[in-house]
Amino acid sequence: MKERVQMVIKKKQFLEESFHTFRWSQSFRSYRSYPNVQLIRVLSGEADWMINQKLYHVQSGDILLLSAVDYRQFMPLPEGMVVEMSALRIRPPRSHAEDMTVFYLRHTGFSNLLPRDNPHTAAIAKLHEELITCIRHPEDPLDTDFMEAVLSLICVHLKYIYHPGKSSGSRQDQLLREAYHYIADHFHEDLSTADIAKALYCTPEHLSRTFHRLSGIKLSDYIRRLRISRVLKILETGNMTVLEAAFSSGFASASGFYKAFRAEIGLSPREYFRKEPPHTS
């Protein structure tokens, strides 16, 4: 009985961390980035979404593919309009790291949007719903084997779309995957490029070049992005001050945090929160 209770609690925690639906209205505008990957289905409505300075028009039936490489901003909606989305946040296990490469590798012509008329989009949507069904019932066992199998099938479709005929098993791809995992575990600590390179048995120069070339973002900017995103998340859900959230997210000084915040968001923390008060989603 005790083991079953613990299993239910664990599954509820997994559900809260991994899956949510949200409604995007005129007042719901903010900057976002996450240390894990996201597969988002647009359930109803249509609107514009800025991702990495590229404007996408999303509508019901579309799917968005996002990772911490991607910085996004919700755009204002006409009064009275609401867009509903279903998001699955995934922290991929290392055993399936190769399958998840599609969430991070960038190339010329890459698009975060899978339009509803793409034949793979319907298949991915169906698999996405199977994953949601699996984790929606806390009273049932958490079938991790089934979930990983479905996730792998999703990745097969994505790899066909983004990298047809291309193997993601090169040494440089492997280095990128290992870097993502290491950074996800340590970005809130005192972390430098040299620290990451040492842990991955390569030179800082090689790591920086490979990371930038494959992901499209500088390593230092990526770490800064994760830290700022963590600060915003803490301030939305916790009781810390801005600086307490900054220090717990890896920033070593107030001046360093303020400089990073302005570089990432384009506003000071005071200006940002005056414009976008903390909210939950």
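Mentor: The protein chain has ten helices and nine strands; helices (H or I, at least four residues) and strands (E, at least two) are DSSP runs, numbered from the N terminus. This is a predicted model, where local features need pLDDT of at least 70 and side-chain atom pairs count only at pLDDT 80 or more, while totals for chains, interfaces and linings use all residues. Residues are numbered from 1 along each chain as its sequence is written, and side-chain values use heavy atoms, with hydrogens and water left out.

Trainee: Why is Leu 131 called buried?
Mentor: Buried means under 20% relative accessible area, exposed over 50%, and partly exposed in between (1.4 Å probe, protein chains only). Leu 131 has a relative accessible area of 3%, so Leu 131 is buried. Leu 131 belongs to helix H2 (residues 119-136). Across the chain, 48% of the 281 residues count as buried.

Trainee: How do you know that the span of helix H4 agrees with its 16 residues?
Mentor: The expected span of a helix is 1.5 Å times one less than its number of residues. For H4 (residues 171-186) that gives 22 Å, and the end C-alpha atoms are 22 Å apart, so the two agree.

Trainee: What do the buried residues of H4 pack against?
Mentor: They pack against helix H5 (193-200), helix H6 (204-215) and helix H7 (219-237). Among the buried residues of H4 are Leu 175, Leu 176, Tyr 180 and Ile 183.

Trainee: What makes strands E4 and E5 a pair?
Mentor: Two strands pair if DSSP finds at least two bridges between them. E4 (residues 46-51) and E5 (residues 54-59) have six bridges, in the antiparallel sense, so they meet that definition.

Trainee: Which residues lie nearest the centre of the second largest pocket?
Mentor: Asn 52, Gln 53, Tyr 71, Arg 225 and Glu 264 do, out of 14 lining residues. H7 gives the largest share of that lining, three residues.

Trainee: How many contacts in the chain join residues 24 or more positions apart?
Mentor: Such residues account for 73% of the contacts with a separation of 6 or more, where contact means heavy atoms within 4.5 Å.

Technical notes:
On a 1 Å grid over the protein atoms alone, a cavity is a set of points where a 1.4 Å probe fits but cannot get out, and a pocket is an open set with protein on both sides within 12 Å along at least five of seven lines; lining residues have an atom within 4 Å of a point.
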